[in-house]
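Reader: I have a structure open and have not looked at it before. Can you take me through it in short answers?

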Amino acid sequence: MYLGVATLAAATVVADAGLSPEAAFAQRNAAARGAVGWDTYRDVNGLTQLRGGEQSRQFSSFARDGSNNDGFQGTFSCLRTWQRGCVIAEHSGPGEISSIWFTREPWGDVTGTGNIVIELDGRVVLDRPLIDVVTGRVGGPFQWPLVGNADDASGGAVIKVPMPYRESMRVTVQNNPYFYHVNTRTFPDSNGVQTFNPADGASDVLRRLRGFGVADPKPSAPGARPTRRDFELAPGASVRVAELSGPAQINQLRVRLPQVLASPQVVDDGMAYGQGGGSRFRMAVHPGNQGIRVIRRYDPQIAYQVARMNVDGVPAGDGAAGRPRPAPGACRSSRCRPR
């Protein structure tokens with residue numbers, strides 16, 4: 001209670017000094033600015049820190065007249081145009097581009113947007129076709145999962161490479177992008193801010209991000225003492241796996257089920273056929289095999305697919321997809337996708 005009263009009193013003194021509430025808050029919390037650039041991914045402990053010394057902002061194609069035309073005609077998608085094309089974001093002062101998202105017809109293919117040009121502190125750090133950037137063909141730090149095309153991001157295209165700047169930022173695309181947003185962080189000063197260097201591949205960040213869901217993303221904690229226990233658990237039962245005492249911090253909980261095996265990442269696009277189309281293949285199996293497994297993947301949104309298997313010319317089984325099923329979370333309204 002006493003600490004709370006003291007904090008309120010201090011806030012009153014700052015406000016009485018003639019500062020706006022926003023300026024007073026930023027002044028009191030300037031030291032609490034979050035990590036910048038690649039450190040935003042390296043320092044996962046920073047996710048829990050207050051960031052009073054910065055602001056989050058967004059540029060987007062939202063309809064300024066309050067209508068639903070948030071990119072359908074591209075009316076509001078350019079802040080202005082110049083010789084390089086359509087400016088979609090610009091800012092003077094220190095900050096960081098944290099996320100960029102696009103989509104357009106057909107089905108999120110951003111080829112028609114043309115080149116994306118990103119200028120930081122008066123220097124061009126990226127000038128390449130947007131479709132090449134989001135598909136990972138540019139290389140360097142612009143690789144999966146920091147970039148993604150419509151196949152990766154459910155019809156959108158994303159760039160999640162953090163790009164800090166000290167004085168200015170401008171993002172231009174060659175042609176009207178229709179639907180987009182650019183998320184930025186603005187800082188009260190440029191102390192500790194280094195302009196984004198596209199030559200820095202940040203391989204350690206990419207390696208860690210590609211391990212999400214598989215490995216612990218946190219760096220090794222000095223002095224950490226793991227507690228392990230193997231156990232079998234009957235349905236409805238419980239077991240105590242660890243009992244700790246004294247001041248400490250739990251930084252990881254991991255459970256491994258031996259019966260659960262990791263699934264390989266699927267990266268191919270498969271095949272598509274018109275009405276009545278199909279394909280076949282023949283596979284030789286060693287006579288001494290102890291059994292084989294054939295795994296067939298299919299698109300559940302395409303109806304009545306059939307796979308037939310024969311062993312030595314004898315039918316061994318069929319697999320049918322049945323009626324089409326919408327993808328989980330799929331929108332059934334015409335307003336969900338660009339018309």
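Reader: Which residue forms a salt bridge with R137?

Author: D132 does, and the closest N and O atoms of the pair are 2.6 Å apart. A salt bridge here is a side-chain nitrogen of Lys or Arg within 4 Å of a carboxyl oxygen of Asp or Glu. Before going on: this is a predicted model, where local features need pLDDT of at least 70 and side-chain atom pairs count only at pLDDT 80 or more, while totals for chains, interfaces and linings use all residues. Residues are numbered from 1 along each chain as its sequence is written, and side-chain values use heavy atoms, with hydrogens and water left out.

Reader: Is R137 buried or exposed?

Author: R137 counts as exposed, at 53% relative accessibility. Buried means under 20% relative accessible area, exposed means over 50%, and partly exposed is in between (1.4 Å probe, protein chains only).

Reader: How many salt bridges are there by this rule?

Author: The count comes to 10. One of them joins E96 and R185, with 3.0 Å between the closest N and O atoms. E96 is in strand β4 (residues 95–103) and R185 in strand β11 (residues 179–186), so this pair links distant parts of the chain, 89 residues apart. Strands are DSSP runs of E with at least two residues, helices are runs of H or I with at least four, and both are numbered from the N terminus.

Reader: And are E96 and R185 buried or exposed?

Author: Both E96 and R185 are buried.

Reader: What else is in β4?

Author: S99 is in strand β4, and at 6% relative accessibility S99 counts as buried. The side chains of S99 and K160 are joined by a polar contact of 2.8 Å. A polar contact is a pair of N or O atoms within 3.5 Å; within protein, one must be able to donate a hydrogen and the other to accept it, and residues adjacent in sequence count only if both atoms are side-chain atoms.

Reader: Changing topic. What is the strand order in the open sheet?

Author: The order is β2-β3-β10-β5-β6, 5 strands with antiparallel pairing. β2 (80–82) and β6 (123–129) each have a single partner strand, so one side of each edge strand has no neighbour in the sheet. Two strands pair if DSSP finds at least two bridges between them.

Reader: How many bridges join β3 to β10?

Author: 6 bridges join β3 (residues 85–92) to β10 (residues 168–173). In that sheet, C86 stands opposite V173 in β10.

Reader: What do β12 and β13 form?

Author: β12 and β13 form a hairpin with 2 residues between them, and D312 in the turn has a positive phi of about 55°. β12 and β13 (residues 314–320) pair in the antiparallel sense over 6 bridges. N310 has P315 in β13 as its bridge partner.

Reader: Which residue forms a salt bridge with R308?

Author: D318 does, with the closest N and O atoms 3.8 Å apart. R308 lies in β12 and D318 in β13, so the pair ties together parts that are 10 residues apart in sequence. R308 counts as exposed at 66% relative accessibility, and D318 is exposed with a relative accessible area of 61%.

Reader: Where is M283?

Author: M283 is in the loop between α5 (203–209) and β12 (306–311).
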